[in-house]
Amino acid sequence: MNTTVILGIALGPAMDCFAVAIGSSVALRGASLVVLSLATSVDALAVGFSFVMLGVTVWFPSVVVGVVSATVTAVGMQIGSRMEILGGLVLIAIGVKILLEHLG
């Protein structure tokens, strides 16, 4: 059940990106937007708990995340929407790697 939910959360936005790439118009609305926002919130909560458990101060990781996010956003704005597909594939690959580590 949990694997199905995780795959659904990961594959939904990725499939939207593929639809945009082939010319279909897809807008995040309703349930899709709610699920995506919940997934993002749960991810941020998990990272926060990890920092607490590791005893890491929040300033350095926050600055690193901010700089990396700004850089990737600037590059993405220059390259275009093709990077959305690559980003989705990278997230799916990370999820599959984590899933296989926990199953094996």
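1. Val47, Phe51, Pro61, Ser62, Val65, Val68, Ser69, Val72 and Thr73 line the second largest pocket. Its volume is about 290 Å³. Two helices, α2 (30-54) and α3, each contribute at least two residues to this lining. Helix α3 provides the largest share, namely 7 residues.

2. The model is a predicted one, and its confidence should be kept in view. The mean pLDDT of the protein is 77, and 72% of the residues reach at least 70. Among the elements, helix α1 (residues 2-21) has the lowest mean pLDDT, 55, whereas α4 has the highest, 88.

3. As to the overall architecture, the secondary structure consists of 4 helices and 0 strands. Read from the N terminus, the order of elements is α-α-α-α. The protein has 104 residues, of which 6% count as buried.

4. The patch is formed by Val75, Ile79, Met83, Leu86, Val90, Leu91, Ile94 and Ile98, which together have about 660 Å² of accessible area. The elements giving two or more residues to this patch are α3 (59-79) and α4 (82-103). Helix α4 gives the most, with 6 residues.

5. Val90, one of the patch residues, is located in helix α4. Is this valine to be called buried, partly exposed or exposed? Valine 90 has a relative accessibility of 43% and therefore counts as partly exposed, since that class lies between the limits of 20% and 50%.

6. How many salt bridges does a search of the whole structure find? The search returns 1. The salt bridge joins glutamate 101 to lysine 97, and the closest N and O atoms are 2.5 Å apart. Both residues belong to helix α4, where they are separated by 4 residues, or about one turn of the helix. Glutamate 101 has a relative accessible area of 48%, so this residue is classed as partly exposed.

Note on methods:
Residues numbered from 1 in each chain as written. Predicted model: local features only at pLDDT ≥ 70, side-chain atom pairs only at ≥ 80, totals over all residues. Heavy atoms only, no water. Patch = residues over 30% accessible without salt bridge, like charges linked within 9 Å, V, L, I, M, F, W, Y side chains within 5 Å. Areas by Shrake-Rupley, 256 points an atom, 1.4 Å probe, with all protein chains shown as cover. Salt bridge = Lys/Arg side-chain N within 4 Å of Asp/Glu carboxyl O. Buried < 20%, exposed > 50% of the residue type's maximum accessible area, 1.4 Å probe, protein only. pLDDT = per-residue confidence, 0-100. 1 Å grid on protein atoms, 1.4 Å probe; cavity = no way out; pocket = protein on both sides within 12 Å on 5 of 7 lines; lining within 4 Å. Points joined across faces, edges and corners; volume = space filled by probe spheres on them.
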